[in-house]
Amino acid sequence: MKNGNESKTLLIFKPEEIKKMDYLQAALSEALRLYPSVPVDHKEAVEDDVFPDGTVLKKGTNVVYAIYAMGRMETIWGKDCRMKFTAASTIYRYHMKVVEDHPIAPKLALTMYMKHGLKVNLIKRHETELLS
């Protein structure tokens with residue numbers, strides 16, 4: 001685009017470039033886990049059922065669950081469920097490279113996540129990199 005004497009170029013990504021943005025996909029998935037676009041949802045039992053903990057659901061029972069809270073539960077995600085700290089520490093100390101030939105595909109659900117996970121190799125940063 002030309003604006004007077006200035007020449008500006010717009011950066012437009014091609015679909016094949018977007019597909020290769022593995023770290024962006026992982027960051028977006030993590031952001032949606034911690035800040036889901038649908039923070040609370042509900043389902044209705046279409047037939048009698050039993051939860052894994054033994055809770056009996058009768059047909060027609062409405063179940064409300066808090067996705068926002070579930071994204072932070074240690075019982076679901078483990079001790080490192082506060083991933084912002086873990087991610088920052090890991091990125092600071094290591095270069096990350098996606099494992100060669102690892103399939104990269106989103107899993108379509110209420111929130112998107114990596115269908116096959118995101119396998120990476122961690123390469124420890126040199127001490128001089130950490131100090132700069």
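I began with the term patch: it is made of residues with over 30% relative accessible area and no salt bridge, like charges being joined within 9 Å and nonpolar side chains (Val, Leu, Ile, Met, Phe, Trp, Tyr) within 5 Å. A salt bridge is a side-chain nitrogen of Lys or Arg within 4 Å of a carboxyl oxygen of Asp or Glu.

I noted that this is a predicted model, in which local features need pLDDT of at least 70, side-chain atom pairs count only at pLDDT 80 or more, and totals for chains, interfaces and linings use all residues. Residues are numbered from 1 along each chain as its sequence is written, and side-chain values use heavy atoms, with hydrogens and water left out.

**Entry: the patch.** I found that M70, M73, I76 and W77 make a nonpolar surface patch of about 360 Å² (Shrake-Rupley areas, 1.4 Å probe; for residues, only the protein chains shown count as cover). I located M73 in the loop between helix 3 (67-70) and helix 4 (74-77); helices (H or I, at least four residues) and strands (E, at least two) are DSSP runs numbered from the N terminus. M73 counts as partly exposed because its relative accessibility is 34% (buried is under 20%, exposed over 50%, partly exposed in between; 1.4 Å probe, protein chains only).

**Entry: D22.** I placed D22 in helix 2, residues 22-34. D22 is buried but has no salt bridge, and K97, the nearest side chain of opposite charge, is 8.9 Å away (Lys and Arg count as positive, Asp and Glu as negative; His and the chain ends are not counted). Leaving aside residues up to four places away in sequence, D22 touches V98, I104 and L118 (contact: heavy atoms within 4.5 Å).

**Entry: the chain.** I recorded six helices and 10 strands.
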